[in-house]
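This briefing covers helix packing and salt bridges in one structure. Please look over the model before reading on.

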Amino acid sequence: MEKLLPKGRLLSLVVPLIAISLGGIIGAIIMLISGYNPILGYSALIKGIFGDTYYMGETIRSMTPLILAGLAVAFAFRTGLLNIGVEGQLIIGWLASVYVGIALELPKVIHLPVAILAGALAGALWGFIPGLLKARFHVHEVIVTIMMNYIALYTANAIIRAYLFVPGERTDSINETASLASPLLQSLTDYSRLHYGFIVALLGCVIMWFILWRTSKGYELRAVGFNQHASQYAGMNVGRNIVLSMVISGGFAGVAGAMEGLGTYGYMSILSGFSGVGFDGIAVALLGANSAVGVALASFLFGGLQVGALNMQSQAGVPTELVDIVIALIIFFVASSYIIRWVINRVKKEDV
């Protein structure tokens, strides 16, 4: 294996696997202490992911917005930025895509791409603001993006109440021509909520990889992320690249919101709080090592845990909060990757 992969690449693959294993082991210990059977609990969890076509459909449906949210975080991080505002960009993208899905009457071949594009543009606009403040006034993007999450939440709720409100505290349903719903996929997965959005999410992985690794602009963005001063000395426009990075990152987040509005629900409700998808995207990007393939795999894990947790509760009596603990432990060990790398290096030295 070491001959096939460079040492750094090998460690980047091993560390997440170790983090997942440690999270699972400590989660099992917590189950035992809490009086639950970890074998029965994890068996129910796995069955809740792979045991039925319905669960598989729901897992893929759940991972669809997670992929795009993870790409949003990963893209910004690859360019040296921390986009903590994916949740807000997702909410604004969700609202914009639903509005276009309701307001316009077009053929499906035009209406659906336009609605998705509306979500991307809205998310990009919400990412443009912190990008501009960072580039022009050196305002830290973490602070601005966190605050803009709340602005997005309450702005979206206010717009729905003022202009789009129908009984049920939500917007009207989108037109069929703007829907990602697939009767075929639903029938194949025992009528889960699986929709064509997962194709859009996989396409997003390809787009991120292509931009960052196959274009000169992607090279510039990564260079600015590595060292802004060296990039400026080389003649690159650092400020413009910071803004562009946040715009693209926000675009991915906006499409994640469109997947919820056009695929899973077909409308947007007044939100009492954050959806959580944008914040989960941070964990997904972290576990996926900020790579397109890694984000897709991490999204499958997180989506599976979210869906399987419901089966854990119904079949094994294990509270869903314990799955949240396992997820938190996985994130903790990934964030503590330095310790894991240190232990691995120490073991190798002792073997030598």
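Is the crossing of α4 and α11 right-handed or left-handed? The crossing of α4 and α11 is right-handed, a term for the near helix being turned clockwise from the far one by less than a right angle, left-handed being anticlockwise. The model is predicted: local features need pLDDT of at least 70 and side-chain atom pairs pLDDT 80 or more, while totals for chains, interfaces and linings use all residues. Residues are numbered from 1 along each chain as its sequence is written, and side-chain values use heavy atoms, without hydrogens and water.

**Helix α4 with helix α11**
- Helix α4 spans residues 86–103 and helix α11 residues 238–264; helices here are DSSP runs (H or I, at least four residues), numbered from the N terminus.
- Their axes lie 6 Å apart at an angle of about 55°, the axes being lines fitted to C-alpha atoms over the stretch in contact and the angles running from 0 to 180 degrees between N-to-C directions.
- α4 and α11 are therefore oblique to each other (under 35 degrees is roughly parallel, over 145 roughly antiparallel, 65 to 115 roughly perpendicular, the rest oblique).
- Residues of α4 in this contact (heavy atoms within 4.5 Å) include Leu90, Gly93 and Trp94, and those of α11 include Gly250, Ala253 and Gly257.

**Helix α3 with helix α13**
- The axes of α3 and α13 (residues 292–316) come within 7 Å and cross at roughly 135°.
- That angle makes α3 oblique to α13, and the crossing is right-handed.
- Among the residues that meet are Glu58, Ser62 and Leu66 in α3, and Ser299, Phe300 and Gly303 in α13.

**Salt bridges**
- The count comes to four salt bridges, each a side-chain nitrogen of Lys or Arg within 4 Å of a carboxyl oxygen of Asp or Glu.
- Glu58 pairs with Arg61, with the closest N and O atoms 2.9 Å apart.
- Glu58 is buried at 5% relative accessible area, and Arg61 is buried at 10% (buried is under 20%, exposed over 50%, partly exposed in between, with a 1.4 Å probe and protein chains only).
- Lys134 pairs with Glu141 at 3.1 Å, and Glu141 is buried at 3%.
- Lys217 and Glu220 meet at 3.4 Å, N to O.
- Lys217 and Glu220 are three residues apart in helix α9, about one helical turn.
- Lys217 is partly exposed at 32%, as is Glu220 at 23%.

**Helix α9**
- The buried residues of helix α9 (residues 216–226) include Gly218, Leu221 and Arg222.
- What covers the buried residues of α9 includes α3, α8, α10 and α11.

How values were computed:
Helices (H or I, at least four residues) and strands (E, at least two) are DSSP runs, numbered from the N terminus.
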